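Thank you all for coming; I would like to take a few minutes to walk through one structure with you. Please have the view on your screens as we go.

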Amino acid sequence: MALEFNLKQSEDYEKQAFDAFSASDLKKSQYCLMKAAEYLTEAAKETKDGQLSELRREKVRKLLDKAKRLPELAEQAKQKPSSKQTKDDKAPTSAAPSDGASKSSVDAEIRGTVESLIHVSKVTWDEIGGLADTKQELKYALGMTLAKRPAGVSLAGWSNFLLYGPPGTGKTLLAAAISNAVKRQDGGSSCFFNAKIAGILSKYFGESAKLITGLYTVAREKSPAVVFLDEFESLTASRDRGEQTGAERQVLSTFLSELDGLDKKGTEGVYVLTILATNRPWDLDAAILSRFEKKILIPLPDLPARREILDIHLARKGFQIETDLGKIAEMTDGYSGRELEAFSKEVTNRMIVEMNMAIPELVTKGIEQAMGYEIKLRPLSLADFERARQKVQPATTPATVKRYHDWRDSVTR
Ligand code: ATP
């Protein structure tokens, strides 16, 4: 009961903070944000689920940060009179999405922010170990987006993707490879947008929904385009528990209407692929899930995938290994790609330090001495890897792995 009360109080205060901010009453807005944080802190203490409790604490930090930055946020809003909230703007944005062709519909500052989300990366598909089927599926969707449509034929086969799974398994890496793939060969601007939802919500208080509309307007203009939205759960985590704030609701309904708008008449020839990534798919609600037919579990790497990832982070970086890489892959069961990378760094760094103890002394003697020195390396032994394993341990528990599989089964049933 106390938990529900604290959550409700926190949500009410946050809503009041949003309204007070829109009415330029910063003092009240600040007070309400502090109260929202206070009640949420209590709620976090009473939350038994460790991950959820941490999510709530994270939100407390954001509320406090926002309270501190209110004058700065108000100043930003003042400089953008056309994007200032009006009563009408505050209604959840369920209106039809903006017309893809009209450039003027996006305020210059929002456009600038959206364009700063355009991302170009150098990651190539073969820098991603394992995940062969996923890579294939994403390439197919991309190819369908980029290829010319035969005249007079209406082709469906166009899907948005939801990538979910434990942290550090390559979701962002896959998006980065897509970013590289959609880079125009002719040197034209890239059309890959990469945004973290939590960042949008905390940074653009009161403006987040407009940013989403702006994002899709610019994406449609640049069609074909790919929109990658990371940490999506931070938007919907609280919906089912009735903790969702006005701003979050607004962003979500804007996002949904933008997605729906892409299927509407008048958008023929406009291709925008949306990829969502999340570690907490069970926090996404039905409205989101129903719009993402392709829900792909990006799991912890299996044995062959771990071997490939270790190869990417060790052998392909030029390190020699005395022992069979398959053996190392066997001893790292349960590790994510990120943990395998950390494990590889631990092994190589330790070996490099051990082999080059003379470096500090050389630097003391003078820069020329250090410049004339060539770094010594030696092949990595099984003992090196065993030592590193003591230091880098996997964080995803078998129970969490099971939760992902159960969730997958529940949505594919
Ligand atoms: P999070 O859910 O925490 O955002 P993520 O699934 O998006 O994590 P990435 O950011 O893609 O994970 O991976 C983090 C790092 O781990 C990568 O930069 C890469 O170095 C390494 N890594 C993860 N998966 C792989 C993989 N399949 N192949 C090679 N390296 C990997």
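Which residues come nearest to the ligand? Before I answer, please keep in mind that this is a predicted model. There are 16 residues around the ligand, and those that come nearest are Gly129, Gly168, Lys171, Thr172 and Asn279. The ligand taken alone exposes 630 Å², of which the protein buries 85%. Two or more residues of the shell come from each of helix 7 (171-181), helix 13 (303-313) and helix 15 (337-355), and by class the shell holds four nonpolar, eight polar and four charged residues.

Let me turn now to the aromatic rings. The whole structure contains 10 aromatic pairs, and one of them is the edge-to-face pair of phenylalanine 5 and tyrosine 39, with 6.1 Å between the centres and 80 degrees between the planes. Phenylalanine 5 belongs to helix 1 and tyrosine 39 to helix 2, so this pair ties together parts that are 34 residues apart in sequence. Of the two, phenylalanine 5 is partly exposed, at 46% relative accessible area, whereas tyrosine 39 is buried, at 18%. Together with Tyr13 and Tyr31, Phe5 and Tyr39 form one aromatic cluster.

Finally, there is a charge to look at beside a ring: the charged end of arginine 403 sits over the ring of tryptophan 282, 4.0 Å from its centre.

Key. Residues numbered from 1 in each chain as written. Predicted model: local features only at pLDDT ≥ 70, side-chain atom pairs only at ≥ 80, totals over all residues. Heavy atoms only, no water. Near = heavy atom within 4 Å. Areas by Shrake-Rupley, 256 points an atom, 1.4 Å probe, with all protein chains shown as cover. Helix = DSSP H or I, 4+ residues; strand = E, 2+ residues; numbered from the N terminus. Nonpolar A, V, L, I, M, F, W, Y, C, P; charged D, E, K, R; others polar. Phe/Tyr/Trp six-rings, centres within 6.5 Å; stacked < 30°, edge-to-face > 60°. Buried < 20%, exposed > 50% of the residue type's maximum accessible area, 1.4 Å probe, protein only. Lys NZ or Arg CZ within 6 Å of the ring centre and 35° of its normal.
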